[in-house]
Each structure stands twice: as structure tokens, then as C-alpha cells.
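Keep the structure open as you read.

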Amino acid sequence: MTRDAAHVLDLDAYLARIGWSGERRPTAAVLRSVHRAHALGIPFENLDPVLGTVPSLAVSDLEAKIVRGGRGGYCYEQNTLLAAALRALGFGVTLLTARVVLGAAPGDIRPRTHMLMEVRVPGEPDPYLADVGFGAAGSLLEPIALVPGAELHDTPRHHRLVRPEHDGPLELWELQARTRDGEWARQYAFTREPFEAPDFEVINWHIATNPRSPFEHLLYVRRTTEDAHLALSGRTLVVTPHDGGAPEERELADAGEVRRVLAELFTIRLPEGARLPQ
């Protein structure tokens, strides 16, 4: 047995990190509120790959980094952590992968590199799609019922699940998000084939080290607050209010200002001695 196989997530510390308190029972209401608290409480970030490190997906390391260390993470880290917490609360969890279609050109086929999960609530007939690691403005704030045609008003967002036609043997599902102009924007497509931790070790290594991966060389940080969605790409900061106001965009001057913005707007504490790209 490995060190991490024996590690039990400190659920008290995790729930304190996301600011959640309540009755610890595996109900749909608890799933929704824990999911939302995590999505609003922990920022998306890819600092480790940009700094030349492959993030560990061991629960003990995620606890040290995200729960106790004041950091965020990208999808494999965030959803691995949430999955551990949900299992500790009594939910059933199956890890899945998705093909991101947001921003894809017509005919562009991307690899399945996004982690998400199917969550089962004891006593309920239908599972839920849960995902706190997408980071985009169209990401889920709460889980959505994994049934055809499901819609979710996870204020201030609005999502739906559709089943596109395709040639594969498994049913294809697609998450869509309502845009500010009222259109439905495709986010990612997935099947319900289970994936295991070793599968994500391979995908994580590829995303963190492949020179063609955008996460390997450009800083991406995202945070959703009750008022706005904050996005930092390289040195470009965009703040998009939820009330429909115009997004505010500005260029940060240098690595020093990036560090200040990470601390002040994204609540991220950088590792000791970390040197951001100039």
C-alpha cells in the first residue's frame, strides 16, 4: 500500500477551506452546497506547470497544497480533491473524461483531457454531473442531473445537457452554458466510461509537460465570486460582472504586479521562492 492509499482526507480542514458547514449527509442538497462552496472558494490555476513542475494528484499532496497551502489547481487536482471529499461524505463517485469543445474550430478534434465526475446520491434514481475544475465562465457552479435535456439555473449561470448524435458505441453527452447574449455555447462532450487514477496520471503528465499544451507555458488563473468572473491569461486580466455590465480588461505591468494580483484578487499564495515568467 502506498503512502497516499493510506491517506484519509482531513474533511474538517477541507470544509473549512471552502467555508462550508452543515449536516454531513449524502443528500442532493449537501452535494449542491458543497459543490458551490468549492467552486466559489478555490481558484483555478496552472502555476505548477508554468513553473516547471507536474502537479501531484495524490490526495495527501492536494491537501497540503490546496487545503492548507492557500493554492488552487486545475481540473485533475480540483476534481480529485472534491471526489475524495464526496466519498468521505458517503456519495458514490465515478471519474470521467471530456473532450473540450469550447472555442474549437469546425472539424477540430481535441483529445479527451478534462476530468469530471458522475456522482450518485443514495436513494436517488439518477446521478449528477459534478465538476469544479473547468475554470471557464461557463463552468458549473452546482451539479446538474445527468439526464437527457436537464437544465440547471445555477445562478448567475444557466446550463443544460444535450445528447448529440455520434458514431460511437456509447451515448455522447454535451454540457452547454447560456451566454450573455442568450445563446447556448458548447463547453465539453463526454461519455460515461469510467476512468481511474492511473489514467489521469498519464493525462496530467501530458498536459503539464507537452510543449504544445497551453497549460505548460501560459499562466491561466480563474476565480468566480458572487459578483464577477475573474480571468488572468498571461498578463491579461479580465473582470466580467455577473450583472451584465461590460467586462473590464487591462494588461499587468510585470511579474511583480502579477504576484500582487494573484494574492489580492485570486487569494493565491505563491510557493516560497517561486519566480514567475517575466
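Let's begin with helix α8. The buried residues of this helix pack against α3 (47-50) and against β10 (220-224), β11 (228-233), β12 (236-241) and β13 (248-251). Bear in mind that this is a predicted model.

Which residues of α8 are buried? In this helix, which covers residues 255-264, they are A255, E257, V258, V261 and L262. These residues span an arc of only 155° around the axis, so they sit on the same side of α8. The general rule behind this is that an α-helix has 3.6 residues a turn, so residues three or four places apart point the same way.

T267 is not a glycine, yet its phi is positive, at about 55°. With a relative accessible area of 36%, T267 is partly exposed.

Next up is a helix pair. Two packed helices are described by the angle between their axes and the distance between the axes. Here the pair is α2 (residues 28-41) and α5, with axes that come within 12 Å and cross at roughly 150°. That angle is over 145°, the cut-off for the term, so α2 is roughly antiparallel to α5. On the α2 side, the contact is made by V30, L31, V34, H35 and H38, and on the α5 side by Q78, L81, L82, L86 and L89. As for handedness, α2 passes α5 in a right-handed crossing.

Helix α5 (residues 75-89) also holds N79. Is N79 buried or exposed? Its relative accessibility is 0%, so N79 counts as buried. Leaving aside residues up to four places away in sequence, N79 touches M115, L116, M117, D131, V132 and G133.

W20 brings us back to α2. This residue lies in the loop between α1 (11-17) and α2. Setting aside residues up to four places away in sequence, W20 touches L15, V30, S33, V34 and A37. With S33 there is a polar contact of 2.8 Å between the two side chains. For a sense of scale, W20 and G92 are 72 residues apart along the chain, and their C-alpha atoms are separated by 20 Å.

Another asparagine worth a click is N204, in helix α6 (residues 197-209). Again not counting residues up to four places away in sequence, N204 touches V54, P55, L57, Y74 and Y76.

Here are the accessibility values for three of these residues.

| Residue | Relative accessibility | Class |
|---|---|---|
| N79 | 0% | buried |
| N204 | 1% | buried |
| W20 | 12% | buried |

One last stop is a backbone detail. What is the peptide bond from T155 to P156, cis or trans? It is cis, with omega near 10°. P156 lies in the loop between β6 (151-152) and β7 (159-162).

How values were computed
Residues numbered from 1 in each chain as written. Predicted model: local features only at pLDDT ≥ 70, side-chain atom pairs only at ≥ 80, totals over all residues. Heavy atoms only, no water. Buried < 20%, exposed > 50% of the residue type's maximum accessible area, 1.4 Å probe, protein only. Helix = DSSP H or I, 4+ residues; strand = E, 2+ residues; numbered from the N terminus. Arc of directions from axis to C-beta. Contact = heavy atoms within 4.5 Å. Axes fitted to C-alpha atoms, helices over the stretch in contact; angles between N-to-C directions. Parallel < 35°, antiparallel > 145°, perpendicular 65-115°, else oblique. Left-handed = near helix turned anticlockwise from the far one by under 90°. Polar contact = N/O pair within 3.5 Å; in protein donor to acceptor, adjacent residues only side chain to side chain.
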